[in-house]
Amino acid sequence: MNSSDVQRLLEPIIDSDLGKTLKELSAIHSVEIAGHRVRVFLEAVGPLHWIARRLDHDCKAAILATYPEADVEVLVRERVVDVKRSPTLSGVKNLIAVSSGKGGVGKSTMAANLAAALAQRGATVGLLDADIYGPSQPTMYGLAEQSMRAEKTPDGKIIGYPNEAYGVKIASIGFVMQRDQAAILRGPMLAGYFTMLVEQITWGELDFLIFDLPPGTGDIQLTLTQRIPLTGAVVITTPQEIALADVRRSIQMFEKVRVNVLGVIENMSYFVPPDLPDRKYYIFGEGGGRSVADEYRVPFLGEVPIDVRVREGADSGFPFVLDPESGAMGDAFRDVAERVARQARIANSDTLNSQLQIDL
Ligand SMILES: Nc1ncnc2c1ncn2[C@@H]1O[C@H](COP(=O)(O)OP(=O)(O)OP(=O)(O)O)[C@@H](O)[C@H]1O
Ligand SMILES: [Mg+2]
């Protein structure tokens, strides 16, 4: 067994997110061999929270099939994509907006559980509640009594710090003012608060920053998409036709401002009665999210059922996905989180490829 033999075994392995082989991706950095010990050093575009385990498994299987006595270790290093961002966001690797055309479809619930699911998987995560009219995250994360920590620098600039719960860093206009106050503020003041939230909060190093947007396609959505280089946006809908019409508007807005649509998530897809676990009731219709995703040729990222425990979690300040008893319902959120991470990888890989082409 020598390192080029092992390398040849690894080359045809497919990176399942990107649909290319490790050879095509130049992902095999080196292979070290000492007796039975084999150390494989890979380099892959992040986020790596799901793919690293799959690559670890596939590399071990490929080597052990030929060298059953080998003791294999796989180390995957993140290939960082260099994107110019403002100083407060310079340590953030993936910025993902959670949006919807229609109100009340579950953006905030999805953003809260998505952030928690990513953190549960070992990612460092921030959540920016960009809904300045109706901030939800302080309540959903049990931080409603908190206020924002901020300080003034010697040159008079204000720096804000996020609060933290369940391993997720959170900033919200709700930490700066009472919930009902936001509703009576006029446009320019709201815009000022919004600017503060996106430009003056120091996040530090994060794998993901999730933005919980207000509904619709108004000024805030436009400001955000123009000022911040997002990795992409996910669009939440219910299966109902009236919600789908608004999803179309949302996707069109992102396409117009050249923000990647990472995909559509269908929320409140169906209801499984706890006493009849084999039944599914399609309360708002069936299949609408997938069909609108197909219509715009964007990925469909999954269905999340209606579950009273999700609503209770949101109201009591505990993201339901973190409940050890969350079962199939929690898996629905975790599956969506994995698919979002995969789409972020695809977007980062595209960015990297276009940078490489410019360099050539
Ligand atoms: N999958 C679900 N199961 C049960 N309840 C849910 C689910 N998703 C959302 N909800 C509940 O539906 C209501 C609306 O959800 P949420 O506040 O997340 O929507 P939103 O799109 O952020 O609304 P807005 O447009 O007002 O910001 C909340 O009471 C929430 O607890
Ligand atoms: Mg909301």
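This is a predicted model: local features need pLDDT of at least 70, side-chain atom pairs count only at pLDDT 80 or more; totals for chains, interfaces and linings use all residues.
Okay, let's start with a term: two strands pair if DSSP finds at least two bridges between them. Keep that in your head for a minute.

Strand E4 and strand E5, residues 71–79, are joined by nine bridges, and the two run parallel. If you want to find that pairing on screen, look for Ala-44, whose bridge partner in E5 is Glu-78.

Strand E3, residues 28–34, and E4, residues 37–45, are joined by six bridges, and here the strands run antiparallel. E3 and E4 make a hairpin with two residues between them, and Gly-35 in the turn has a positive phi of about 65°.

In the loop between E4 and H2 you'll find Pro-47. Have a look at the peptide bond from Gly-46 to Pro-47: it is cis, with omega near 0°.

Okay, on to the other sheet. This one has eight strands, in the order E10-E11-E7-E12-E6-E13-E14-E15, and it's also open with mixed pairing. Its edge strands are E10, residues 163–165, and E15, and each pairs on one side only. The twist here averages 25° from one strand to the next.

Let me pick out two pairings. Strand E7, residues 125–129, is joined to strand E11, residues 168–172, by five bridges, and they run parallel. Within that pair, Gly-126 stands opposite Lys-169 in E11. Further along, E13 and E14 are also parallel, joined by five bridges, and Ala-233 has Val-261 in E14 as its bridge partner.

Let's stay on E14 for a moment. Is it enclosed or open to the outside? Nine of its eleven residues are buried, so the rest of the structure largely encloses E14. Helix H9, residues 288–295, lies across E13, E14 and E15, and runs at about 160° to E14.

Met-268, in strand E14, has a positive phi of about 60° although it is not a glycine. Arg-258 also has a positive phi of about 60° without being a glycine, and you'll find Arg-258 in the loop between helix H8 (241–256) and E14. Which of these two is buried and which is exposed? Met-268 is buried, with 24 other C-beta atoms within 10 Å. Arg-258 is exposed, with 9 other C-beta atoms within 10 Å.

In soluble globular proteins, nonpolar side chains tend to be buried together. The largest nonpolar core here has 76 residues, and those with the most contacts inside it are Ile-96, Val-98, Leu-114, Ala-115 and Ile-210. Apart from that one lies another core, of 19 residues, including Val-6, Val-31, Val-45 and Ile-63. Back in the 76-residue core, take Ile-210: leaving out residues up to four places away in sequence, Ile-210 touches Ile-96, Val-98, Ala-111, Leu-114, Ala-115, Val-125 and Leu-127.

Last stop: the ligand. Which residues come nearest to ligand 1? Of the 20 residues around it, those are Gly-103, Gly-106, Lys-107, Ser-108 and Thr-109. Elements giving two or more residues to that shell are helix H3 (107–120), strand E14 (261–271), strand E15 (300–306) and helix H10 (308–316). By type, the shell divides into seven nonpolar, nine polar and four charged residues.

Key. Residues are numbered from 1 along each chain as its sequence is written. Chains are lettered from A and ligands numbered from 1 in the order in which they are written. A residue is near a molecule or strand if its C-beta atom, placed from the backbone, lies within 6 Å of it. Helices (H or I, at least four residues) and strands (E, at least two) are DSSP runs, numbered from the N terminus. Ala, Val, Leu, Ile, Met, Phe, Trp, Tyr, Cys and Pro count as nonpolar, Asp, Glu, Lys and Arg as charged, and the others, Gly among them, as polar. A nonpolar core is a set of buried Ala, Val, Leu, Ile, Met, Phe, Trp, Tyr and Cys residues joined through C-beta atoms within 7 Å. A residue is buried if 20 or more other C-beta atoms lie within 10 Å of its own, exposed if 12 or fewer, and partly exposed in between; C-beta atoms are placed from the backbone. Two residues are in contact if their C-beta atoms, placed from the backbone, lie within 7 Å. Axes are lines fitted to C-alpha atoms, for helices over the stretch in contact, and angles run from 0 to 180 degrees between N-to-C directions.
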